[in-house]
Amino acid sequence: MNKTSAEFKSKLKTYRLNEGEYDMICGLLKRDPNNIEWALFSALWSEHCSYKSSKVHLKKLFNKSSRVLESFGENAGVVDLGDGERIAFKIESHNHPSYIEPYQGAATGVGGILRDIFTMGARPIALADYLCFGQPSAHRMTSIVDGVVRGIGGYGNCVGVPTITGQTEFDKSYDGNVLCNAMAVGLFRPGEKVFLSKAKGVGNWVVYVGAKTGRDGVHGASMASESFGADSAAKRPTIQIGDPFFEKLLIESCLEVMKQDLVVAIQDMGAAGLTSSSFEMSSKGGVGFKIHLDQVPLRDSSMTPEDVLLSESQERMLLICEPSKFEALSAVFQKWGLDAARIGEVTEKKTVELHWKGEKLTEIDPDLLVENAPQYQRPFKVLPPQNRVARREWTSKRAGGANAAKCLDLCLRDVRGTSRKFIYRQYDSRVGAATARDTSDSVGVVRLKDSGRALGVVLGCRPHIMRLDARIGGLDAIAYPALELALKGFETLAVTDCLNFGNPEKENVMSDFVAALDGMNQVCASLEAPIISGNVSFYNETMGKNITPTPSTGLVGLRDSVENMPESFFTAPDQLVYVLRLPGFMTGGADQESWGTGPQAIGDLEGRVVGDFVRVARRLSQAPGVRATRAIGKFGLAYALARMTMPSDIGAVIDTEGLKMMRPELDETALFEEHLYEAFIAVDASRAVDFEDAFSAVRQASPTAELHRVGRTVQGSLEIGAFLKVDSAQLKESYNSGWSQNFESLA
Amino acid sequence: MSVGVLRFPGTNCDRDVFEALEGAGRKPEWLWHADQFDSRKHEALFLPGGFSYGDYLRSGALAARAPAMKSVREAAERGVPVLGICNGFQILCEAGLLPGALVRNRGLRFIDDWVSLRSVNKHAQFARAGGSARLPIAHADGRFVVSDDELKKLQDRGQIWWQYESNPNGAAHDIAGVMNEKKNVAALMPHPERAMHAWMGGTDGVGFFE
């Protein structure tokens, strides 16, 4: 092709490929690509499908453990829990669609992640959502929040999978590019088989099941691989429309055909639809496909073969079936009101042939598209520790001087600190009748029916720490949720991550990416908790402005039973309140940006040290007499204590002596500092000796860990040294009214 | 005799109800929406919650016209105890087996929460103990509506089964559950199958399955 022609330039733009990639394609094909091949390469070589900017770094992730059965490369990671139980889980982003069209964007994000789970044969048992919104006052933000929450609820509630945990952040860096990451966990009960996407068996049929193919989502994958400009609304036609009722039928029918062993291999049609599913299944299986695109069930008969290949219509699966079993398979789908259509067969020669009404459009080696995508070593710098100061210097400007009670009130009413009940009340948290802890707790817990054990799920990544320092932020994205699990007695088994970053072609974005992965890796290695699934979402950039680097994580932990789990709030008066802490790293807490002089930190942290501390926290939380545990996070100890008074109206008196052990430089700002890491533990007074003995017995595993007795629980109020005394009713009022103050029309 | 559990496309509390019945020592048996069944073969029938037919048209409207509902009607006429939960309540209203209708919540949003209930009239088979109960709710169309005349009749005939202590959805007269005139068909919006063990948050659901 003439590279100077206007036609060539316009093709590169349409298909979002660059000239170097075009040269690579010509080299691989040993000729110019034809029209349909342009479309295929565009989709499969998009950042979204090929991970071309991240692959060189993802290879270094800690991903080994004896429990891991499947990892990256399949639809989701699979972990062996022992006792015949296994789980599949993954988190995935749907950021760009959720900004353009919040309801459908978020809904189809839930639908997509659920398909990744049940396509492997696991029944979805839990959902979790990690959301980052802009400031409440930002353009469209109220309607985006409303739409995203309704979309998640509308889909998850209908398919009947409980939402058991979540995290919601607000910051101006998401004003023009919100994040919507959905995680799903599925369970294989004893005896149930794991299904893979590797196509097998020459002569087997390629079968299409689920919804008909429409024009929605054509070019969706390449849309998601581009930054937003001023014309984001014009991208609305690339958004898919979901139907959770169809998904529910697909879940039940797919699990039924799997149980009857009628399926050889199966993959959902996600990003880049039929193209990615067929080429990946063929490439992984080392076999060829002959596909008749005109046999694909269509919603619109005027669709072109390119539309059919790239449509991202939802609720569709591609599977391989032995011809003799097709009738039985088809009967199951019919019972559930779905059609199974034979659209091709498995061939010996490893090529994918695409046919359309008697014409062969292309015959191409799937590896060229799946395995030979470019891999970029994008420029980055190794970042030095950032924002370090010699001594603490932030002050609570915002509260207008030394008034700790006023400051705490502001934290509880702030959009970042206030109750999320508006959100979680719209999600079914109990369908499945296995939920033991819901979104009101720091960890979501479902009970495993066969073994009676507890599975804990918690999300991580705190953008305010990421803004401080990308390596510490990455470390925290594993360590903080692992601590939350540990405080309820769970051992972290494995991790899924969703790496939301800006434009990877910018050096500072790539540097943050590399630093964050390094931090995550350190803690994962120390905890022996491998990262087994996830995705990368680059180009979270609008009008040249990048989001806070946000590597969200989903951690899954295991515990022997659902009994005797500590609560996250004070349960009775006259218990002793302890602090378990790891000295070494301090920040001004989440509110430093509005109170102080910008992000500041003192100290440093190592993954190994943090991992050891988490292990000690886990053992201590199972000690005799432990009734309540809570990590001290954003807004510091005052905020954590305030949260522990709800909903029981049991507060605490924290004495000055105890406070001084935690905060030698004691003034009112010390109540709002954040230290990595600390947790409150409330213990029955009668078991104090046993509890302290338990700490002595485990502390050698984390020699720097400290345990201090700082106060006791009381009925009805919270008192912290001489700094504040507030009625629990007042705390509750502030916490519960903050949401409507920020979003007047969402009450 | 077995307890029939109905399954429509989109029912999603079916397995939960099935397991609750098993846990209570009953013999549950699946009944498929597309098939009529012998209404004499079951000691009771359960219509679980969910989104039958994706709530298309109106919640419960399509399921109410499924072939299996002909058999449910026969069983109801014969006096077999029938319990509807959440979407099952919506289906029984749409089928005309219970009075009133369930429409979109006040506030127009889905509500997931725990509610406190008081029993107004006891039911001979389900939750015989009556009194009070704390159970989870999870619904978008849970606002019970009924004409004033009909409400008066419900009160006079003792057909009001459960009332909310604090009305979450705008239901008329705080109604959370009702019975038919013969008192064999009953339904409620809250989910007793989600309150069977202390670890679930409460055990007040147990009485509905015993």
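Asp174(B) lies in the loop between strand E9 (160-164) and strand E10 (175-179) of chain B, where strands (E, at least two residues) and helices (H or I, at least four) are DSSP runs numbered from the N terminus. Its phi is near 60°, a positive value in a residue other than glycine. Asp174(B) is partly exposed, with a relative accessible area of 26%; buried means under 20% relative accessible area, exposed over 50%, and partly exposed in between (1.4 Å probe, protein chains only).

This is a predicted model, in which local features need pLDDT of at least 70 and side-chain atom pairs count only at pLDDT 80 or more, whereas totals for chains, interfaces and linings use all residues. Residues are numbered from 1 along each chain as its sequence is written, chains are lettered from A and ligands numbered from 1 in the order in which they are written, and side-chain values use heavy atoms, with hydrogens and water left out.

**Interface between chain B and chain A**

- The contact (heavy atoms within 4.5 Å) takes 35 residues from chain A and 27 residues from chain B.
- About 2600 Å² is buried between chain B and chain A, 51% of it on carbon and sulfur atoms; buried area is the accessible area (1.4 Å probe) that two parts lose on being put together, summed over both.
- Of the area that chain B buries against chain A, 29% is supplied by Arg109(B), Asp112(B) and Trp199(B), more than by any other three residues.
- Five salt bridges are counted between chain B and chain A, a salt bridge being a side-chain nitrogen of Lys or Arg within 4 Å of a carboxyl oxygen of Asp or Glu.
- Arg194(B) forms a salt bridge with Asp428(A), with the closest N and O atoms 2.8 Å apart.
- Twelve residue pairs between chain B and chain A are in polar contact, both residues being at pLDDT 80 or more. A polar contact is a pair of N or O atoms within 3.5 Å; within protein, one must be able to donate a hydrogen and the other to accept it, and residues adjacent in sequence count only if both atoms are side-chain atoms.
- Helix H1 (14-23), strand E6 (111-119) and strand E7 (132-139) of chain B each supply at least two residues of the side of chain B that touches chain A.
- E6(B) contributes the largest share of that side, four residues.

**Salt bridges within chain A**

- Over all chains, the structure holds 61 salt bridges.
- Arg581(A) forms a salt bridge with Glu678(A), the closest N and O atoms being 2.8 Å apart. Arg581(A) lies in strand E22 and Glu678(A) in strand E26 of chain A, so the pair ties together parts that are 97 residues apart in sequence.
- Arg581(A) is buried, with a relative accessible area of 7%, and Glu678(A) is buried at 0%.
- Glu678(A) also forms a salt bridge with Arg663(A), again with the closest N and O atoms 2.8 Å apart. Arg663(A) lies in the loop between helix H23 (656-662) and E26 of chain A, 15 residues from Glu678(A).
- Salt bridges that share partners join Arg581(A), Arg663(A), Glu673(A), Glu678(A) and Glu706(A) into one network.
- Asp649(A) forms a salt bridge with Lys732(A), the closest N and O atoms being 3.1 Å apart. Asp649(A) is in the loop between helix H22 (636-644) and strand E25 (650-654), Lys732(A) is in helix H25 (residues 728-742) of chain A, and the two are 83 residues apart.

**Helix packing in chain A**

- Which residues of helix H24 (residues 688-698) of chain A are buried? They are Ala688(A), Phe691(A), Ala694(A), Phe695(A) and Val698(A).
- Seen down the axis of H24(A), these buried residues fall within an arc of 125°, so they line one face of the helix; the arc is that of the directions from the helix axis to the C-beta atoms.
- The buried residues of H24(A) pack against strand E22 (575-587), helix H21 (607-621), strand E24 (626-631), strand E26 (674-684) and strand E27 (706-715) of chain A.
- Ala106(A) is found in helix H7 (residues 102-118) of chain A and is buried, with a relative accessible area of 0%.
- The C-alpha atoms of Ala106(A) and Val148(A), 42 residues apart along the chain, are separated by 5.2 Å.

**Backbone geometry in chain A**

- The peptide bond from Met646(A) to Pro647(A) is cis, with omega near 5°.
- A cis peptide bond also joins Leu676(A) and Tyr677(A), with omega about 5°; Tyr677(A) lies in strand E26 of chain A.
- Phe635(A) has a positive phi, near 70°, in a residue other than glycine, and is buried, with a relative accessible area of 1%.
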